[in-house]
Each structure stands twice: as structure tokens, then as C-alpha cells.
Amino acid sequence: MNYIFSTCIGSFLLDENFRILKFERSQDPLKSNEKIISGHLTDEDIALLKYEHEAVLLRAEKLNENMGYSSDKKLLRKALSALSTPEYFSLFREASLKICRRAISKSVTPDLLIIQQVNAISELSKSANLLSKRLREWYGLYNPELSEEVEDHERFVLKVCSLSKEEVRGESSMGGSLSVSQLSSLISFAELVRSIFEEIRRQEAILEEEMKKNYPNLTAAVGFSIGAKLISLAGGIRQLAEMPSSKIQVLGAEKALFRHLKTGARPPKYGIICQHQEIISASDKEKGKAARKLASRAGIAAKIDYFRKVQNAD
Amino acid sequence: MQIKNSKFFGVFESDEKKRRIFTENLVPGRPVYGEQLVRFLGREFREWDPTRSKLAAFIMKGADQIAVRPGSRVLYLGAASGTTVSHVSDIVGKDGFIFAVDFAPRVVRDLIFLAEHRPNIVPILADANHPENYAHMVTLVDFLYQDVAQPNQIEIFLKNASLFLRDGGFGMIAIKARSIDVTRKPKEIFELAKESISKKMTIVDFRELGPFEKDHCMILSKRREGR
């Protein structure tokens with residue numbers, strides 16, 4: 001009995017002692033790989049079958065053709081042993097590099113881009129916060145009254161930039177006097193912080209569009225911002241769609257969750273979804289319940305977006 | 001400082017007070033992850049950091065043997081960015097080869113860059129949980145190494161060993177107690193792991209990897225002949 005073993009580098013015709021009788025080399029490893037993975041005959045298999053009709057196909061993967069094949073482990077191991085030589089190894093290497101490059105390029109999906117964007121926004125926000133605090137300290141030497149007056153960082157930075165003239169200071173200001181170059185370096189720093197706030201707004205607008213376009217149901221269920229953060233925490237839309245809603249509920253509260261699992265402390269009620277209006281506005285007693293409902297809605301929406309990709313209004 | 005052979009083929013050590021281990025760089029002049037390069041008697045060695053590589057930690061913890069040697073054919077599951085893979089690549093050298101499997105496109109990207117400079121590495125983007133998915137991309141091997149953080153990592157190891165490891169070949173698995181069950185004591189998990197592996201393989205060595213890796217252990221086992 002002879003065997004045909006199909007690989008991404010081509011197909012091997014083996015005798016009953018698993019010596020290689022013929023090697024039909026693949027002209028296109030990408031194509032051979034696709035065929036094997038999808039359970040079909042490769043061109044090389046067909047060529048060998050023409051040459052040797054009686055041969056038994058060996059496949060680890062299921063074969064979806066209308067013909068017999070064997071997945072017997074002992075036979076597969078003998079075939080795998082026959083190929084274990086340096087010559088075939090370099091062919092495997094060449095083929096694998098091609099297959100991997102293609103697969104990686106195909107793996108770039110909208111959710112991966114959204115994850116990067118969400119993380120970029122969150123890092124920009126953190127930076128803006130940090131730099132705003134520095135600006136307050138610095139600007140406080142010049143005009144402390146303004147810092148007292150405006151609490152919101154973004155509005156404060158805008159004020160600093162728009163009121164860059166010395167006249168803005170009141171007669172009784174506690175601020176010291178700065179030289180022109182000292183003041184201009186302060187203002188140029190403020191401009192930078194302002195542009196970070198602008199960038200955050202711009203990125204958020206694009207993120208919202210991307211979310212609505214790619215994941216309309218999830219966006220409708222929890223909003224674009226939380227939706228995007230959920231995708232990011234889950235690691236992708238597929239992971240989110242396959243996640244039980246109890247886990248979605250505590251995404252972003254891993255620290256509290258593992259503390260609960262390890263020490264038996266009280267479990268967290270919610271993770272990132274606590275930023276949703278519905279939970280913020282719920283009474284303390286109802287917060288857990290609201291989180292549970294919202295998480296299950298997010299889960300259903302993610303499933304629809306991932307598996308069906310059709311708009312479903314609510 | 002002098003560099004001399006260690007008791008393992010392909011692994012070297014310095015004669016300093018604080019023990020450091022090295023592998024001989026297969027691609028001289030090119031570090032892989034920022035490790036130190038040391039030249040000695042015209043040869044170049046890469047420092048092998050036990051806090052970054054569990055196989056190095058296993059050696060530092062006093063391993064009797066590591067089973068992988070120059071010329072070995074290796075199946076490496078959970079290759080990640082290729083830190084340990086690069087040292088295994090140094091050890092097996094020009095006559096050996098490594099099939100390096102990982103599931104995450106992001107890290108296989110780095111693996112491809114590594115493989116471009118190292119002709120003995122084949123990167124494979126596949127899920128180690130489904131060996132049938134890459135049986136057409138690998139061959140039988142002498143040494144199976146696995147470092148995947150999956151709850152069913154032992155099952156994955158045994159599945160792969162039963163299909164790809166030659167009779168009498170060695171399998172090494174780094175077990176992360178945390179990823180099997182966070183709530184149980186690591187020692188209990190290690191015992192269970194040894195028990196389930198010993199049903200199919202013969203356990204040759206077992207070492208906990210602390211303080212280099214917390215709650216990790218390494219189990220070296222041998223595939224029984226004719227099974």
C-alpha cells in the first residue's frame with residue numbers, strides 16, 4: 001500500500017515502508033496551504049493520484065472531498081519522519097515565511113486599529129493631564145489668580161493661550177514679573193498642551209465614526225467610547241463576542257476581580273462600563289443590576305456585530 | 001573573564017563568581033533583544049538571561065540535562081517574540097532546525113524578523129491547541145519545548161508530543177501555575193501536572209523556577225519507545 005502525504009511544500013508519494021517514491025513540489029505554497037486547511041486536494045495531490053490511483057491520502061486535517069483518507073497517528077508519524085531532513089526543512093522555511101507574511105497582513109482588522117486608537121487617546125489624555133498640572137504650577141508663578149478661577153484643565157489651557165498678553169493680570173496680582181523670553185517659553189508650552197487636547201477631540205471624532213461604521217450595534221448599545229474600550233480590553237471584537245456577559249461586566253476591574261478570586265474579598269460590580277450614563281445615574285443599590293443589564297446588552301450587540309454585521313436598531 | 005564549555009553541548013559559562021551562561025551567536029554582531037555580546041578567542045557569545053528565559057532559569061536551577069543539543073530538530077510551542085527561541089537556535093546550530101509556533105500575529109511578526117537572519121528557524125502562525133492545523137507544515141522532531149500560558153497547557157503538550165515527537169525524544173514544558181488556576185496553590189498544580197504527564201511520558205527532571213520566574217516549574221520528560 002502506498003500513501004500520499006500533503007504538505008505546504010508539496011505532496012509526497014510514500015511506499016509501505018515510508019520511503020519517498022516521488023515528491024511533487026508545490027509551485028505555490030500559499031495555495032497548497034489554503035487547500036489543505038480547507039480540506040481539499042492540492043494540485044500536487046491530484047498529480048500524484050493520476051500517477052498512482054490506489055494510494056491512500058494521509059491528512060491530519062479533515063478532508064472534505066468525496067474520498068477516503070486516513071488520519072491514523074502512527075501512519076502520520078511515519079510520514080512526518082520521512083520528511084525530517086535538512087533539504088525539506090529549508091523548503092518548509094521558505095514556504096512558512098510566505099504563509100506567515102500573508103496571514104499577518106490579513107490579520108489587520110478594524111478592531112486592531114480601534115484598539116490602537118483607543119489606547120492612543122487614553123495615553124494622550126494622561127499626558128494632557130500631567131502637562132496641564134505642570135502648566136498650572138508654572139503659570140501660577142506669573143498669574144496665580146487664573147489657575148484658581150478655572151478648574152477644568154482644558155479650559156484653563158485655552159485661557160492661558162488666548163490671554164497671552166501681560167495686560168490680563170489684575171493690579172493686585174500675586175504673580176511675579178517674567179521677561180519676554182521667559183513668558184514666551186511658558187506660552188509655547190501652553191500651546192503644546194492645547195494641541196494635545198485638540199488632538200484628543202480629533203481622534204475621538206474619528207473613533208466615533210469608525211465605531212459606528214464597523215460596530216454599529218455595540219456603539220448603539222453602550223456608546224462608541226465604552227464600546228471601543230471593551231474591544232480593547234477584550235483584545236478584539238471576536239474575543240468580545242465570545243465572552244460571557246459576566247466577564248464583560250468586570251472588564252477593566254481585573255485587579256478587584258482577581259483579589260476577589262484569590263482572597264474571597266467582595267467581587268467588583270463593574271469595570272469599564274461604569275462610565276456609562278445608565279450606571280452613573282442609577283442609585284447605589286441598583287448599580288450592580290444596571291451593570292449586569294448593560295453588560296449583557298453589550299455582549300449581544302458585539303455578537304451581532306461580529307457574526308452578522310447587520311444594523312439592528314436597538 | 002574566560003568563557004568555557006558547560007556540561008551541556010552548545011551552552012557556555014563564564015569563570016566569574018556569579019555564574020553567567022551564554023550561547024554562541026549564530027549570527028555574530030547581531031544581538032536579538034539587547035542581551036550582552038561577549039567576544040572570546042575569536043568567537044562571539046550571547047548572554048542568556050535566566051530572568052527572561054525559562055530554559056535559562058531551568059539551567060541555573062541545576063538541570064541535569066536539557067535534551068536539546070547541536071543538530072537537534074525542535075518544535076517550539078509558544079515562541080513569542082523569540083527570546084528563548086534565539087538561544088535554542090544558537091544551540092542547535094546550522095545542522096539543527098526549529099519550528100517556532102505562536103498564535104498571535106503580533107509576535108509572529110517579530111519572529112519573522114528573527115527568522116530572516118537565522119536560517120534554522122521556521123515561524124508558524126498557528127494555534128498549538130490544534131496540532132492537526134499545522135501537521136502539514138512541520139516534521140517529526142527530537143525535542144519539543146512548550147511555553148504557552150493556557151489553562152489546558154498540559155493537554156496541548158501531550159497532543160503535540162503524541163503526533164510530532166519521535167520515539168525516545170524529549171519534551172520540556174514550562175508550567176505557569178497562575179494560568180492553570182489562580183486560586184490553587186502552585187505546588188498542588190505542579191503535582192497534578194506531573195501526574196498527568198507521567199501517564200504518557202517518563203518524567204526525567206522537575207524543577208521550580210523561582211526566584212527567576214514566580215510560580216513556574218519546568219518538567220522534562222521522555223517519550224516512551226513504540227507508543
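**View 1. Helix α4(B) passes α6(B) in a right-handed crossing.** The crossing is right-handed when the near helix is turned clockwise from the far one by less than a right angle. The model is predicted, with local features needing pLDDT of at least 70 and side-chain atom pairs counting only at pLDDT 80 or more. Residues are numbered from 1 along each chain as its sequence is written, and chains are lettered from A in the order in which they are written. The axes (lines fitted to C-alpha atoms over the stretch in contact) of α4(B) and α6(B), residues 186-200, come within 10 Å and cross at roughly 15 degrees. That makes α4(B) roughly parallel to α6(B) (angles under 35 degrees). In contact (heavy atoms within 4.5 Å) are B:I154, B:F157 and B:L158 of α4(B) with B:A193, B:S196, B:I197 and B:K200 of α6(B). Five of these residues are nonpolar, one is polar and one is charged.

**View 2. The largest nonpolar core has 56 residues.** Such a core joins buried Ala, Val, Leu, Ile, Met, Phe, Trp, Tyr and Cys residues through side-chain atoms within 4.5 Å. B:L75, B:F99, B:I124 and B:Y134 have the most contacts inside it. Its largest share, seven residues, comes from α4(B), residues 153-164. Among the residues that B:F99 touches are A:F89 and A:F92.

**View 3. Helix α10(A), residues 224-234, is largely enclosed by the rest of the structure, because eight of its 11 residues are buried** (under 20% relative accessible area, 1.4 Å probe, protein chains only). Among the buried residues are A:F224, A:L230 and A:A234. The cover includes α5 (110-142) and α15 (287-307) of chain A. A:G235, with a positive phi near 100 degrees, follows α10(A).

Notes
Side-chain values use heavy atoms; hydrogens and water are left out. Buried means under 20% relative accessible area, exposed over 50%, partly exposed in between (1.4 Å probe, protein chains only). Helices (H or I, at least four residues) and strands (E, at least two) are DSSP runs, numbered from the N terminus. Axes are lines fitted to C-alpha atoms, for helices over the stretch in contact, and angles run from 0 to 180 degrees between N-to-C directions. Angles under 35 degrees count as roughly parallel, over 145 as roughly antiparallel, 65 to 115 as roughly perpendicular and the rest as oblique. Ala, Val, Leu, Ile, Met, Phe, Trp, Tyr, Cys and Pro count as nonpolar, Asp, Glu, Lys and Arg as charged, and the others, Gly among them, as polar. Lists of a residue's contacts leave out its neighbours within four places in sequence.
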